[in-house]
Amino acid sequence: MSKLVKETENILRQKLVDAVNAAIAAGELPDAQAAEFIIEIPSNKANGDYSSNIAMACARCFKKAPRMIAQSIADHIDLSDTLFERVEIAGPGFLNFFLSGSYYSEILKDVFACGKDYGKSDYGQGKRVLVEFVSANPTGPMHIGNARGGAIGDCLASVLDWAGFDVNREFYVNDAGNQIEKFATSLEVRYLQHFKDDVELPEDAYHGADITEHAENFIKKYGNKFVESSSEERRKALVDYALPKNIAGLERDLGRYRITYDKWFRESTLHNDGSVDKVINALKEKGVTYEQDGALWFKASEFGNDKDIVLIRANGLPTYIVPDIAYHYNKLVTRGYDKAIDVLGADHHGYVPRMKAALTALGLDAGRLDAVIMQMVRLVREGETIKLSKRSGKAITLNTLIDEVPLDAARFFFNLREPNSHFDFDLELAAKESSENPVYYVQYAHARICSIIRKAQEQGIELRTPTDDELLMLSSDEERELIRHLSALTNEIVTAAKAYDPAKITHYVIELATLFHKFYNAQRVMCDDEGLMQARLYLCCAVKDTINNILNMLKITAPEVM
């Protein structure tokens, strides 16, 4: 929460403790240790701006009815030097506190004092966090699931940054293992098919048009040079040619999606620098492996998993889990991140406990690894689901998606639902310029305020900072509700960071736009009273700047004209 909001809550907590002590000193309450109590913001504003259960919490230790305790506290609490104007007793003994108009004035001043940093906090205390997301196999273009993962991962990293963590973004390039072998097979077959008639593409190979295009471009450069070469030499040449182009394409396409990574970490480095072998040896030394049927197994069942895991196959090759263990060890030990967060698809649900088991076996705190499990996306047009096959090469890619819908809409829409929920992406709605489209609705609120300010300046009105008395004139329900929502931004960002759910921020800004439109329709900004007009323009600017901050955090544009 903003500094003012946090200070206000802390002051209220201390005032409640002081009131209890005063009531004890006056003999109205027995001399006993007060119980722990909570202070919360009621959902129903009729119950005040803050509410506390202190009277009910202390009923047992004071051996009195909660309402009697509440009355004693209310009689002895001193709110004279605070931003609270009164306290009321409600229900079984709740103490409801109501803020004065000065509080709302101070919130607006806080928005302007913080400027582009309004909403930021030191909650994360600078702890180092690595967010790894997308990490699509570099064997083909990115699909719609990667588009959702990209938006979620990038916005989550921004939320964590605003919450006070030291955040890095990373893409893990799977440039080794089975996927690359399948990539090599696919390229090799498409290459040989150009020169021979009897070469068939395996059913489980990649059938996309991008594979054929790579092979044809390779032929333009090298011709039939590798037709008679050994398969090993031919496959290496093809992969060395095509893989860098694919990785460059991933970086280009993600850049277009406004995602820039701090590091592209290659799996191959873990094989080349001995990290994979070191992990295997370390697990052996810990006594958590055994051999069976010629393979090396990890005793994952001893660490909460339902079954053990093969580390080294009977053919001597490591399974995919081994370099992944080495990679997470590299994150948490070699590079010393306090927390590693993986954004993963729903098909990786069983992957997380296996990885945590391996890290625990290696002596690490597995709680330092967290995963955001992301559910599937359905593309919808005219109410019908678009069914496309990835294997056939006809899947909608990240690029084709942002060719079809505005980039702002794509990033915003993918953060409309918590990651672990299924999501229908309505292509028509995303492209619609109306209030039905949530990102357009938010952007329109920003543009509308910019228009209000321009018109005021065109009329020769010079915007100034209102006086304290003028700010106190912002007393309507719509004005107070809008300011109250502004005050919640920092807390909302911290909550989103704790939950790894950037959708909380899109919901917040949609509600902010809604409350602004409600205020605008109910209260005339350009009114006859100059002081009230200046106060309302000041409020409008605070909303505009806050929307701008949030959209910038989500890497979405905040247009001044629409």
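Reader: Where is Thr319 found?

Author: In this predicted model, Thr319 is found in the loop between β10 (309-312) and α12 (321-334).

Reader: Why is Thr319 counted as buried?

Author: Its relative accessibility is 11%, and buried means under 20%; Thr319 therefore counts as buried. Leaving aside neighbours within four places in sequence, Thr319 is in contact with Val310, Leu311 and Arg313.

Reader: Which residues touch the most other members of the largest nonpolar core?

Author: That core has 151 residues, and Leu16, Leu160, Tyr257, Leu401, Phe414 and Phe425 touch the most other members. Helix α22 (residues 530-553) gives the most to this core, namely 14 residues. Apart from this core lies another, of 33 residues, including Leu296, Ile312, Leu362 and Leu364.

Reader: What does Tyr257 touch, not counting residues up to four places away in sequence?

Author: Tyr257 touches Ala147, Gly150, Ala151, Leu398, Ile402, Leu407, Ala410, Arg411 and Phe414.

Reader: How many aromatic pairs are there, and what makes the pair of Phe112 and Tyr538 stacked?

Author: The count comes to 28 aromatic pairs. For Phe112 and Tyr538, the ring centres are 4.2 Å apart and the planes stand at 25°. Centres within 6.5 Å make a pair, and planes under 30 degrees apart count as stacked; the pair is therefore stacked.

Reader: Why is this pair said to tie together parts of the sequence?

Author: Phe112 lies in helix α5 (residues 101-114) and Tyr538 in helix α22, so the pair ties together parts that are 426 residues apart in sequence.

Reader: How do you know whether Phe112 and Tyr538 are buried or partly exposed?

Author: Phe112 has 30% relative accessibility, which falls between the limits of 20% and 50%, so Phe112 counts as partly exposed. Tyr538, at 9%, is under the 20% limit and therefore counts as buried.

Reader: Why is the pair of Phe218 and Phe226 called tilted?

Author: The centres of these two rings are 5.6 Å apart and their planes stand at 45°. Together with Tyr191, Phe195, Tyr222 and Tyr241, Phe218 and Phe226 form one aromatic cluster.

Reader: How do you know that the charged end of Arg128 sits over the ring of Tyr337?

Author: The charged end of Arg128 is 4.1 Å from the centre of the Tyr337 ring; the distance limit is 6 Å, with a further limit of 35 degrees from the ring normal. Arg13 lies over the face of Phe37, at 4.8 Å from the ring centre.

How values were computed. Residues are numbered from 1 along each chain as its sequence is written. This is a predicted model: local features need pLDDT of at least 70, side-chain atom pairs count only at pLDDT 80 or more; totals for chains, interfaces and linings use all residues. Side-chain values use heavy atoms; hydrogens and water are left out. Helices (H or I, at least four residues) and strands (E, at least two) are DSSP runs, numbered from the N terminus. Buried means under 20% relative accessible area, exposed over 50%, partly exposed in between (1.4 Å probe, protein chains only). Contact means heavy atoms within 4.5 Å. A nonpolar core is a set of buried Ala, Val, Leu, Ile, Met, Phe, Trp, Tyr and Cys residues joined through side-chain atoms within 4.5 Å. Rings of Phe, Tyr and Trp (its six-membered ring) pair if their centres lie within 6.5 Å; planes under 30 degrees apart count as stacked, over 60 as edge-to-face and the rest as tilted.
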